[in-house]
Amino acid sequence: MYKIIYLNDNWKLKIGDNHSKSTPDFIKKIKDIPAEVPGTVHTTLLKNNLIEDPFYSDNEIKMRWISESDWIYQTTFDFPSENKKNSLPVKLVFEGIDTIARIYFNNVLLGSTSNMFLKYEYDITKLIKPENNELTLHFTSPVNYAIEQENIHGKLPVALESHRVYIRKAQYSFGWDWGPSFPTMGIWKNVYLKCESKAEVENIFFNTLEITNNYAVVEILFSVNKNSDEEISASIKFADKNYVIQTARNINRVIFKVENPKLWMPAGYGEQNLYEIEVILFNKHNEILNSITRKVGIRKIELQLKDDDKNTFRFLVNGEKIFAKGVNWIPADSFLTRVKKDTYHKLITYAKDANVNFIRVWGGGIYEDDYFYNLCDELGILVWQDFMFACAAYPEHHDFLNNIENEILYNVSRLQYHPSIAIWCGNNENEWIWYQEQKCSYKKMPGYKIFSKIIPKILKKIDPFRPYWESSPFGFDEDPNSVNSGNRHQWEIWSRWIDYNYVKYDNSLFVTEFGFQAPANQSTLEKVIPEEERRINSRIFEFHNKQIEGNERLIKFLISHLPLSNKWDEFIYLTQLNQGLALKTCIEHWRFNQPKTNGTIIWQLNDTWPVVSWSLIDSELIPKLSYYFVKEAFSEIALKFIADDKEISIIGLNQRKNKFSGKLNLLIINSNNGDVVFEKNKSIVIKENSIHNILSLNNRFKQSDILIATLYDDNNKQVFRNFYTFNEWKYIKLPETKINFELKNQNQENYLDITTDKPAFFVDIVISGAILEERGFIIVPGETKLIKVNNLQNSKINKKNVSVFCLNQFLCK
């Protein structure tokens, strides 16, 4: 078996000779800064109290010198002779280097790195010593390098910083319309010595070739790297079967027939059954040389583009049609080494709990950590995986293309076995932006052959059974973002100043991006915005919205629907509420527009820093109000109001495989005083996997009426609630309410017991340091709402640390 010796400790950092003119003098004098590995220059300086929080105020501007300077990492280590008991190679392995670096080992140049998405290995067998081995990495400023390459090869049409396309580095690090510019440097993944064995399994590939009612046929391929002429055998264990290859080759293929297979299905459509593959390598003495395990799922996935000769865009898993209820994923921090397993677990669990079954890994970030995909496998969340190209034309010179080929080959090989990965996609918006701005065919775009030839050629060889899509958005029309074919990005709403009610005219086949902004939660923003800047028109508050005229849109769309308040906490509540209402409106439209529309993926799930953005969850991993609206809108059972001059109908949606039976309660409330003027109860059945009318009423309602429809199951548990108004909320007068709440403990869990004396709309209870499992709800008199409270610091609630908001307080005057 090979041996791993980690080298993550005892690193020192210092600034290089080529540094920014604005570098502080005291930094130039420090020669040995204790360095974090894995880590970045920024996080090391922060940990050593040499810089302030980069996210605070406008520190981003003041810290550009870091990215504009070269830096040097150095460590020394011993390698006792017992670690090397044979003549097998010793490798120095970097799982990730960000990005442009020269690597020296004992004063010998091992090589240079130019891609943060690759693993780098160097044979140091002849260079390593028992004591005082010196390892040094000279990092070149990513900004200076990219600008230099742009000067050599020419400027290309690129959104934001044009030079970014010349470096194979996470593109968002140069700044985006939701994130700051912190082009990082550092050893961002593990570094270690690898004392090789005589043979090692390098990659495992898994394919489902056939599924019938009684069996499935699967294919397992694995590659073997040999460091000896000795004959190697391989044992492959899968699904309670064991197959032995007497003489393992470089590439090995085994076919298994699995009787009565347990299939892998996405969340909401079945179980996430996983099988374990174990590959063990032996020598002629039956000694184990190497073993590797992977968890895989038996499933077939298809991308359907035609339905009865009509264009469609629909995913099928094991032959079953899937409606994508999705979110877009961006890197979870500007400094990637701060994203831990717990971060992934919280965010992806939040997504699952919000009834999400699809995550799109956006092309301006990174190929995510293995743990991310393992979680998606386990939770049944399909992954739309972009390759790391975004919003730009890209270079085509030889060295760049060769770098990309290595990147695609490495990352596809690393991730291919995951059942959650549903589709590879070439890039984010490159073709669409080219078509819009250059007014000519995207086939003339520099870099087009990367997505139309290079990537498909690699995938055909190593992952031929998974769909590939050239870009997002993309289709078969001249306009890559056409509503008539392929998938779409719907940015008329919000970005082009169109109101979210316009969505009712949208007939997209599959929406891969749409969104609406709101500020991060108040507690999150106040960590980085100075007290004197906590105003809706302050410079620093605007600085923490990276979209041009982003805050102006907040106000424009807020006053289109809701009352306006310029009080800091109230503005945050109202704009978060408006984001929730916007996403609810869009999701409802597209879900109930099946089978024309077959997916809706929200921009975006998460944030990289404290910001006003499109996210559902802020950078402190606290859900915004909109998260709870999305959770409800994505429910397996849902209701929607449809109204015209003659009647109002309630339409039911059932995503489940069995029928839903229960009770529909309809309340008509006089908004002026909160009185119930009409109530109707009806036993209903919504057929499995269907959308149909469950109630129609003559439209004789008053403009002051509010309709509340609530669905209960046969156990009288509330399943879904929706509402309908005849005017925008800002025009409606609501009664003043008294909302009461009491903390209760049940089974060592904390709950809020909530009641009200009048109908209360979009109630939000914020407790300092705690996270409630429901926010933004409607509650009526006679109901008791019991909401779980997580992260509560004390067994009692100090009312001074509680803020209660509801729309009534703004509309009762």
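These legends describe close-up views of a predicted model. Local features need pLDDT of at least 70, side-chain atom pairs count only at pLDDT 80 or more, and totals for chains, interfaces and linings use all residues. Residues are numbered from 1 along each chain as its sequence is written, and side-chain values use heavy atoms, without hydrogens and water.

**View 1. Helix H13 (residues 550-561) against helix H14 (residues 568-591).** The axes come within 10 Å and cross at roughly 75°. That makes H13 roughly perpendicular to H14 (65 to 115 degrees). Axes are lines fitted to C-alpha atoms over the stretch in contact, with angles from 0 to 180 degrees between N-to-C directions. Helices are DSSP runs of H or I with at least four residues; strands are E runs of at least two.

**View 2. The ring pair Tyr 73 and Phe 139.** Centres lie 5.3 Å apart and planes meet at 65°, so the pair is edge-to-face (centres within 6.5 Å, planes over 60 degrees apart). Tyr 73 sits in strand E4 (residues 71-77) and Phe 139 in strand E10 (residues 133-139), 66 residues apart.

**View 3. The ring pair Trp 384 and Phe 510.** With centres 6.1 Å apart and planes at 25°, the pair is stacked (planes under 30 degrees apart; Trp counts by its six-membered ring). Trp 384 and Phe 510 are buried.

Definitions and conventions. Parallel < 35°, antiparallel > 145°, perpendicular 65-115°, else oblique. Buried < 20%, exposed > 50% of the residue type's maximum accessible area, 1.4 Å probe, protein only.
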